[in-house]
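The stops below are given in the order in which to select them.

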Amino acid sequence: MSMRIAIAGAGNVGRSIASELIDNGHQVMLIERQPRMLRPDRVPDAEWVLADACELTSLEEANVAGCDVVVAATGDDKVNLVVSLLAKTEFAVPRVVARVNRAENEWLFTEQWGVDVAVSKPRVMAALVEEAVTVGDLVRLMTFRQGEANLVEITLPPTAPYVGQALHQVPLPRDSALVAILRGKRVLVPSPDDPLEAGDELIFVCTAEVEDQVRAVVLGPDSVERTRESR
C-alpha cells in the first residue's frame, strides 16, 4: 500500500529515510526550513518544500492533513516534539514517528506530545513508518552481523494460512526463528503449542536469503509475488 509521508528535516537522516521509503513505493515530501539544506538533487523523486514545520500555516500549505505518516527527523529534539504535537493534534495524522537525538530527552517523546513511535536509528525509523499499514507483508526492522541476519516483522491478516493453528504446525525454513509475538499490549515468548491469531505481530530473526521463504510460509505462497508487484 502506497502512503503519503511528510518528513520534517532534510538533513542526512531525513534524506536517508526519504530515499528508502521512495524505493519502497511511497510518496514522500521533505520539509526543510534552511535554504542551504534544500538539495532536491539528493532525493530527486521527493517533493521538496521550503518551510518551517513548526509553523501551523506552513503545515496547512503543505497539506499535512492528507498524509498517512509524519516523520519528525530534525537534529533538534524541541523541534521534533513541536512537529509531532502539531501533526497529531491539529491535523490528526494517523502515525507520527519522531527522531530522538539526545537520550536524556527520550522520556518526553510520548503520546502526550503526539508521538506514536520514538526512535533514533534512521533504518528503524523507516521500518516503523511502514509498519503502520503493512498487515500482510514483511517489514525489515534491523540488520545484524553486517547484513548476514535481519530482524523482521509480519502482521498476520485474517486470511493467513496458519491463523488458528499451533506454532509447531508452521513449517518455517532453516536459518529463521520466531523470537516474539506481539498481541495487543502483550509480548509473548513463543512456545510450540501457542495458536496464532489474526492481528498478531510476529518478530523473526532470519537470514536475508530466507526472507521470501518466511513470507511465503506465513502469508501464503502468492504473497511474495504480490509484494513484488505492489512495489
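Which residue forms a salt bridge with R183, and how far apart are the closest N and O atoms? Select E197: this residue forms a salt bridge with R183, with the closest N and O atoms 3.6 Å apart. A salt bridge here is a side-chain nitrogen of Lys or Arg within 4 Å of a carboxyl oxygen of Asp or Glu. E197 lies in the loop between strand 10 (186–188) and strand 11 (201–207) and R183 in strand 9, so the pair ties together parts that are 14 residues apart in sequence. Helices (H or I, at least four residues) and strands (E, at least two) are DSSP runs, numbered from the N terminus.

Before going on, note the ground rules. This is a predicted model, in which local features need pLDDT of at least 70 and side-chain atom pairs count only at pLDDT 80 or more, while totals for chains, interfaces and linings use all residues. Residues are numbered from 1 along each chain as its sequence is written, and side-chain values use heavy atoms, with hydrogens and water left out.

**Stop 1: around R183**

Stay on R183, which is found in strand 9 (residues 176–183). R183 counts as buried because its relative accessibility is 19%, whereas E197, at 37%, counts as partly exposed. Buried means under 20% relative accessible area, exposed over 50%, and partly exposed in between (1.4 Å probe, protein chains only).

The side chains of R183 and D200 are joined by a polar contact of 2.7 Å. A polar contact is a pair of N or O atoms within 3.5 Å; within protein, one must be able to donate a hydrogen and the other to accept it, and residues adjacent in sequence count only if both atoms are side-chain atoms. R183, E197 and D200 are linked in a network of salt bridges.

Next, show the backbone of P195. Its oxygen lies 3.0 Å from a polar atom of the R183 side chain. Apart from neighbours within four places in sequence, R183 is in contact (heavy atoms within 4.5 Å) with L188, P195, L196, E197 and D200.

**Stop 2: other salt bridges**

By the rule above, the count comes to 7 salt bridges. D116 lies in the loop between strand 5 (95–99) and strand 6 (117–119) and K88 in helix 3 (residues 77–89), so the pair ties together parts that are 28 residues apart in sequence. D116 is partly exposed at 36% relative accessibility, and K88 is partly exposed at 23%.

Then select R102 and E104, whose side chains meet in a salt bridge of 2.7 Å, N to O. E104 is partly exposed, with a relative accessible area of 45%.

**Stop 3: the nonpolar core**

Select M29, I31, L59, V64, V70, V83 and V93. These have the most contacts inside the largest nonpolar core, which has 25 residues. A nonpolar core is a set of buried Ala, Val, Leu, Ile, Met, Phe, Trp, Tyr and Cys residues joined through side-chain atoms within 4.5 Å. Strand 1 (4–8), strand 2 (27–32), strand 4 (69–72), helix 3 and strand 5 each supply at least two residues of this core. The largest share, 5 residues, comes from helix 3.

Zoom in on V93. Leaving aside neighbours within four places in sequence, V93 is in contact with V64, C67, D68, V69, V70, A87 and K88.

**Stop 4: helix 1**

Select residues 12–23. Helix 1 has 12 residues and reaches 17 Å from its first C-alpha to its last, close to the 16 Å expected at 1.5 Å a residue; the expected span is 1.5 Å times one less than the number of residues. Its buried residues are V13, G14, R15, I17, A18, L21 and I22. Just after helix 1, G25 takes a positive phi of about 95°.

**Stop 5**

Most residues other than glycine have a negative phi. Select A92, in the loop between helix 3 and strand 5, where phi is near 50°. A92 counts as exposed, at 57% relative accessibility. D175, in the loop between strand 8 (149–155) and strand 9, has a positive phi of about 65°. D175 is exposed at 51%.

**Stop 6: confidence**

Finally, colour by pLDDT, the predictor's confidence in each residue, from 0 to 100. The protein chain averages 87, and 85% of the residues score at least 70. Over residues 227–231 pLDDT stays under 50, and the model has 6 contacts beyond four places in sequence for them.
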